[in-house]
Amino acid sequence: MLDIKITRTTAPKAKPQDESKLGFGKIFSDHMFLMDYTEGEGWHDARIVPYGPWEMDPATTVFHYAQEIFEGMKAYRTAEGKIQLFRPDCNANRYNDSADRLGMPPIPPEDFVQAVKAIVDVDRDWVPHSDGASLYIRPFCIATDVGLGVHAAKHYRFAIICSPSGAYYAEGLDPVRIYVEDEYIRAAPGLTGFTKCGGNYAASIKAGELAEERGFSQVLWLDGVEKKYVEEVGSMNIMFKIDGKIYTAACTGTVLPGVTRRSIIELLKDWGYEVIEGKLAIADVMKAADEGKLEEVFGTGTAAVVSPVKELDWEGKVAHISGGKIGELTQKLYDTLTGIQWGKLPDTKGWIVPVEEQ
Ligand SMILES: *Cc1c(COP(=O)(O)O)cnc(C)c1O
């Protein structure tokens, strides 16, 4: 249990009037959570303070060697005005898996969830009201040692910032075109693919930019060894419905274990679908499309929930999916998950964690 000292701002910012213009991650709430780590002492000085910049020495290790991890989650406002989180324990556990791989100190999962609840409670008025809008929560941790030696740092800062964000789909769920990346890779066995670390993103940006220049909204990543098997799309997991069955890459170290992915697999199994977590060759996906068996393709992640795919381009071949429209199952998954998250459907799975007013 953390002892969190709260210092409220004396100069609250004006809240956005037009929630339709929020976008994603552009403005931030009034406060932030901070906590520092010192080797030998552990985590200390848990506090909520007014949001704002902090000073760091140019030789701080995170600037040079990228010892940084993060999480991404949301707070939702229900029609009754309650504020709630979706499976925050999953984010806490994944945070610790990332921390372990990057040689960073873990945070007890109950402390992680307590910190998230505390900052969301202090800034609860920042949770948007409009349909599909939510408060995006970004916990992260950086190495704060000063010096250029390469070793695990002895000092870290953990922070949580919050950004009111608009509905991902302002115009409804618009299916996207995806470029299957056959040159660059995102992950390889033994590397950091299963962690949420900034370095993974740094290494992926160029391929994303090139795909965008060619009119695609994301790249589909293949495995880093043979460039043969599908892994993820942009910063989402990806699922394929082929001849009635659902295929997705297994979480064996190169794929990020998404909370949305995991929740969707549970729902699909409840609904009687066969879900196959394993290797799926891109050649087999294209063949299924040729044979008319590639029924639906969608990305999954906290930001978008699901993102329907209408086209895959691989080595000059093009697969068209669902006639360019969102698939029936993709839509049902979207409606069910968002229904649970925004409290419109009953939470029969115990996924919802309320943020009580303190
Ligand atoms: C965050 C992330 C996902 C999705 O995870 P969720 O927990 O569902 O938001 C998928 N792939 C990558 C690379 C990610 O960073």
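A polar contact is a pair of N or O atoms within 3.5 Å; within protein, one atom must be able to donate a hydrogen and the other to accept it, and residues adjacent in sequence count only if both atoms are side-chain atoms. The structure is a predicted model, in which local features need pLDDT of at least 70 and side-chain atom pairs count only at pLDDT 80 or more, while totals for chains, interfaces and linings use all residues. Residues are numbered from 1 along each chain as its sequence is written, and side-chain values use heavy atoms, with hydrogens and water left out.

An oxygen atom of the ligand lies 2.6 Å from an N or O atom in the side chain of Thr302. For the side chain of Lys196 the corresponding distance to a ligand oxygen is 2.7 Å, and for that of Arg94 it is 2.8 Å. Of the 380 Å² of accessible area that the ligand has on its own, the protein covers 96% (Shrake-Rupley method, 1.4 Å probe; for residues, only the protein chains shown count as cover).

The ligand is surrounded by 14 residues, a residue being near when one of its heavy atoms lies within 4 Å. The closest are Lys196, Tyr201, Glu232, Thr260 and Thr302. This shell consists of 4 nonpolar, 6 polar and 4 charged residues (nonpolar: Ala, Val, Leu, Ile, Met, Phe, Trp, Tyr, Cys and Pro; charged: Asp, Glu, Lys and Arg; polar: the others, Gly among them). Strand 12 (236-242) and helix 5 (259-270) each supply at least two of the shell residues; helices (H or I, at least four residues) and strands (E, at least two) are DSSP runs numbered from the N terminus.

The ligand takes the space of the largest pocket, where a molecule sits in a pocket or cavity if more than half of its atoms lie within 2 Å of its grid points. On a 1 Å grid over the protein atoms alone, a pocket is an open set of points with protein on both sides within 12 Å along at least five of seven lines, a cavity is a set where a 1.4 Å probe fits but cannot get out, and lining residues have an atom within 4 Å of a point. The largest pocket has a volume of about 820 Å³, a volume being the space filled by probe spheres set on the points, which are joined across faces, edges and corners. Its lining has 35 residues, and helix 4 (198-213) gives the largest share, 7 residues.

There are 2 cavities of 30 Å³ or more. The largest cavity holds about 80 Å³ of space, and Thr260 and Thr302 are among its lining residues. Strand 5 (73-77) gives the most to this lining, with 3 residues.
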